[in-house]
Amino acid sequence: MYTTIRILIETGGITRLPQLLDHVTAGKLAGDLKMTEASLLHLLNNPGIFNMKDIHAFSELLDVDMDILLRLITEQFLEQ
């Protein structure tokens with residue numbers, strides 16, 4: 001599941017954070033990130049509140065380079 005997400009992020013198939021939930025449930029993703037579902041949903045919909053700890057946790061779980069995630073987060077933030 002996370003391998004598919006990694007490939008989609010790296011190839012541009014996922015361009016916005018909420019699209020992660022098209023491939024994994026919020027409960028599963030939140031649990032794997034060791035956060036509440038409410039916290040996860042708040043982060044996904046408000047990219048400006050991501051901190052380095054959050055970016056690192058997503059990077060480790062999804063096996064996606066932090067620079068790629070930061071670009072994705074920044075692009076979503078700038079469009080708001």
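This report walks through the helices, core, salt bridges and backbone of a predicted model.

## Helix H1 and its buried face

Let's start with helix H1, which covers residues 2–11. Tyr2, Ile5 and Ile9 are buried there. These three residues span an arc of only 55 degrees around the axis, which puts them on the same side of H1. The buried residues of H1 pack against helix H2 (26–33), H4 and H5. After H1 comes Gly12, with a positive phi near 85 degrees.

## The nonpolar core

The largest nonpolar core has 22 residues. Within this core, Ile5, Ile9, Leu20, Leu40, Phe58 and Leu62 have the most contacts. Two or more residues come from each of H1, H2, helix H3 (37–45), H4 and H5. H2 gives the most, with four residues.

Neighbours within four places in sequence aside, Phe58 is in contact with Leu20, Leu33, Leu40, Leu43, Leu44, Phe50, Asp63 and Leu69. Leu69 itself sits in helix H5 (residues 66–79) and counts as buried because its relative accessibility is 2%, below the 20% limit. With the sequence neighbours again set aside, the contacts of Leu69 are Ile9, Ile55, Phe58, Ser59 and Val64. Leu69 and Ser59 are 10 residues apart in sequence, and their C-alpha atoms are 7.0 Å apart.

## A buried aspartate

Asp54, in helix H4 (residues 52–62), deserves a visit of its own.

## Salt bridges

Side chains of opposite charge can pair when their charged atoms come close. The structure holds four salt bridges. One of them joins Asp63 to Arg6, with the closest N and O atoms 4.0 Å apart. This pair links distant parts of the chain, 57 residues apart, with Asp63 in the loop between H4 and H5 and Arg6 in helix H1. Arg6 counts as partly exposed, at 22% relative accessibility.

Arg16 and Glu79 form another salt bridge, their closest N and O atoms being 2.6 Å apart. Arg16 lies in the loop between H1 and H2 and Glu79 in helix H5, so the pair ties together parts that are 63 residues apart in sequence. Arg16 is partly exposed at 21% relative accessibility, whereas Glu79 is exposed at 57%.

Within helix H2, Asp32 and Lys28 lie four residues apart, about one turn of the helix. Their salt bridge has its closest N and O atoms 3.0 Å apart. Asp32 is partly exposed, with a relative accessible area of 29%, and Lys28 is partly exposed at 37%. Salt bridges that share partners also join Arg6, Glu10 and Asp63 into one network.

## Positive phi in the loops

Most residues other than glycine have a negative phi. Where does Lys34 lie? Lys34 is found in the loop between H2 and H3, and has a positive phi of about 60 degrees although it is not a glycine. Lys34 counts as exposed, at 76% relative accessibility.

Asp63, the salt-bridge partner of Arg6, also has a positive phi, near 55 degrees. Asp63 is in the loop between H4 and H5 and is exposed, with a relative accessible area of 56%.

Note on methods
Residues numbered from 1 in each chain as written. Predicted model: local features only at pLDDT ≥ 70, side-chain atom pairs only at ≥ 80, totals over all residues. Heavy atoms only, no water. Buried < 20%, exposed > 50% of the residue type's maximum accessible area, 1.4 Å probe, protein only. Contact = heavy atoms within 4.5 Å. Arc of directions from axis to C-beta. Core = buried A, V, L, I, M, F, W, Y, C linked by side-chain atoms within 4.5 Å. Salt bridge = Lys/Arg side-chain N within 4 Å of Asp/Glu carboxyl O.
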